[in-house]
Amino acid sequence: MRCKKFKEKIILNLYGELSEEEKSGLERHLKECAECSRDFEYTKKVFQAVEYSKKEKTPEANWERAWKGISSAVEEKPKRQLNLLLLPRWAYAAAAMAFVFALGIIIGSLWFPTLKKGPLPQKASLISMDQSLQEHFESLKPVLTEYANYSPSDERNGIITIDEEILEGLLLQNYLLKTAISSQKNPALQELLEDVDLILREVTNLRNGDRPTLSLIKDTINQRDILFKIEIFQKI
Amino acid sequence: MIEQIRVFEMNEEALIRQAQDGDKEALKMLFEDNKKKIFYLAYQYVHNADDAEDILQETFTKAFHGLPKYDFQNGTGFSPWLYRIGINCSIDYLRRNKRARETRGIDDFPNIPSNSQNSDPEYSSRLKEIREKIDEFLKKLTERQRMIFILKHYQELSTKEIAEYMNCSEGSVKKQLFRAVKAIKKQFKGFFTENSYEMQEI
């Protein structure tokens, strides 16, 4: 246990990050402990090898080509497109579940055609969809408001803490609703859920202190009137 | 000297303000002043010039899009701000392209050009051997561990600076470094006895 601490100190010493007192404590230990002394010599050699590798020449970029790329990208507005490759694994699982669920409904309706008769099941499904939407919007509002009110000069230093599980739940619920809504031919609602999906994914991938993305999220919420649209849909 | 720094800071502030107003010349100057730093960081991280150039473009594009929101008052200078974006872009890039990189077996460096004038074939082969060991080791690290190792050993930042750039505690940086050093020591096991040459300046 004692040696483990000294092995860490060996590394910090080679980084030049030990105080004089810690350094002399380590030197004393190295004189007494053959194993740590060997470890010190070996770690030093490994670090020298890393130093040695720096002799490799770093190539130059094609600066002109890079600048052209940047300059044309800057002229365009920042694009935020759905990149399926960036979706977390659980999203694929959720999509698969939704697909199996939908398939079950189709097969079920073919297998038991009598269930299609009468307006009750369809109405019930619309009611539950509406309830789910209302509940989803209620859960979304505080999260989106938090980001919409973010100010670069506030004390939180670019850090907004939202529970990861809540975020994943919102993203999943949004995805399922978006899939379900697509058959209802409601483009405005569809568009709103698409926007929310984009925002939630940005929030999920956001790192603490990433102010530009935080500002982008804020702008997206405000410029696309997401909270206002949610209010409207809640009142309909 | 302090006066010179102040003049530089004032010039940089003026330049950023011009860039915030959409002045293309100012944007170009900010690019010129910082391009090498970002490119070298990305290159050391992904070890491929084309990928590093992609990261360079992504970093500056993201930074310039976010420039109107850049806040002079929060104490982060432009360069560290950009550097932080570069770090995030590099980590994201590697994460995004991990599968493709694994498939095409990147990080293979058949001919490593050297910084020194030495044309000794033995020297080149040693350098190649070491580089291969380090690349094998880097592949085994997580994206964050890899970045922390690069920032420490190749960018020569202190653990405190790394913690600031990576938005984590100094203790966490040290923990990651200890793990990475343990892994690299394992990678080089037996290497120095088989290759008994010294790492002298050649």
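This is a predicted model: local features need pLDDT of at least 70, side-chain atom pairs count only at pLDDT 80 or more; totals for chains, interfaces and linings use all residues.
Glu13(B) is partly exposed, with 33% relative accessible area; here buried means under 20%, exposed over 50%, and partly exposed in between, using a 1.4 Å probe and protein chains only. Its partner is Arg17(B): the two side chains meet in a salt bridge at 2.9 Å, N to O, the rule being a side-chain nitrogen of Lys or Arg within 4 Å of a carboxyl oxygen of Asp or Glu. Arg17(B) is partly exposed too, at 39%. Both residues sit in helix α1 (residues 2–20) of chain B, 4 residues apart, or about one turn of the helix.

Residues are numbered from 1 along each chain as its sequence is written, chains are lettered from A and ligands numbered from 1 in the order in which they are written, and side-chain values use heavy atoms, with hydrogens and water left out.

Back to the charges. Side chains of opposite charge can pair when their charged atoms come close. Helix α5 of chain B holds Lys128(B) and Glu132(B), 4 residues apart and so about one turn of the helix. Their closest N and O atoms are 3.3 Å apart, which makes a salt bridge by the rule. Lys128(B) is partly exposed at 28%, and Glu132(B) is partly exposed at 39%. Over in chain A, salt bridges with shared partners tie Lys178(A), Glu194(A), Asp197(A) and Arg201(A) into one network. Glu51(A) and Lys54(A) also pair up, with 2.6 Å between the closest N and O atoms; Glu51(A) is partly exposed at 45% and Lys54(A) is partly exposed at 21%. Over all chains, the count comes to 24 salt bridges.

As for the overall folds, chain A has 10 helices and 0 strands, and chain B has 9 helices and 0 strands. Of the 236 residues of chain A, 36% count as buried; for the 202 residues of chain B, the figure is 50%. With contact meaning heavy atoms within 4.5 Å, residues 24 or more positions apart make up 70% of the chain A contacts that have a separation of 6 or more. In chain B, 64% of contacts between residues at least 6 apart join residues at least 24 apart. Accessible areas come from the Shrake-Rupley method with a 1.4 Å probe, and for residues only the protein chains shown count as cover. Chain A exposes about 14700 Å², 57% of it on carbon and sulfur atoms, and chain B exposes about 10400 Å², with 47% from those elements.

Where the chains meet, 63 residues of chain B are in contact with 51 residues of chain A. The pair buries about 5300 Å², 63% of it on carbon and sulfur atoms, buried area being the accessible area (1.4 Å probe) that two parts lose on being put together, summed over both. The interface has 6 salt bridges, and one joins Asp219(A) to Lys69(B) at 3.3 Å, N to O. On the chain B side, the elements giving two or more residues are α2 (24–46), α3 (49–66), α4 (78–104), α5 (121–140), α6 and α8 (170–187). The largest share, 10 residues, comes from α3(B).

One residue from α6 (residues 143–153) of chain B is His153(B). His153(B) counts as buried because its relative accessibility is 7%. Leaving out residues up to four places away in sequence, His153(B) touches Tyr15(A), Phe47(A), Val50(A), Glu51(A) and Lys54(A).

Most residues other than glycine have a negative phi. His47(B), however, has a positive phi near 55°; His47(B) belongs to the loop between α2 and α3 of chain B and is buried, at 3%. Asp225(A) likewise has a positive phi, near 50°, in the loop between α9 (211–223) and α10 (226–235) of chain A, and is partly exposed at 40%.
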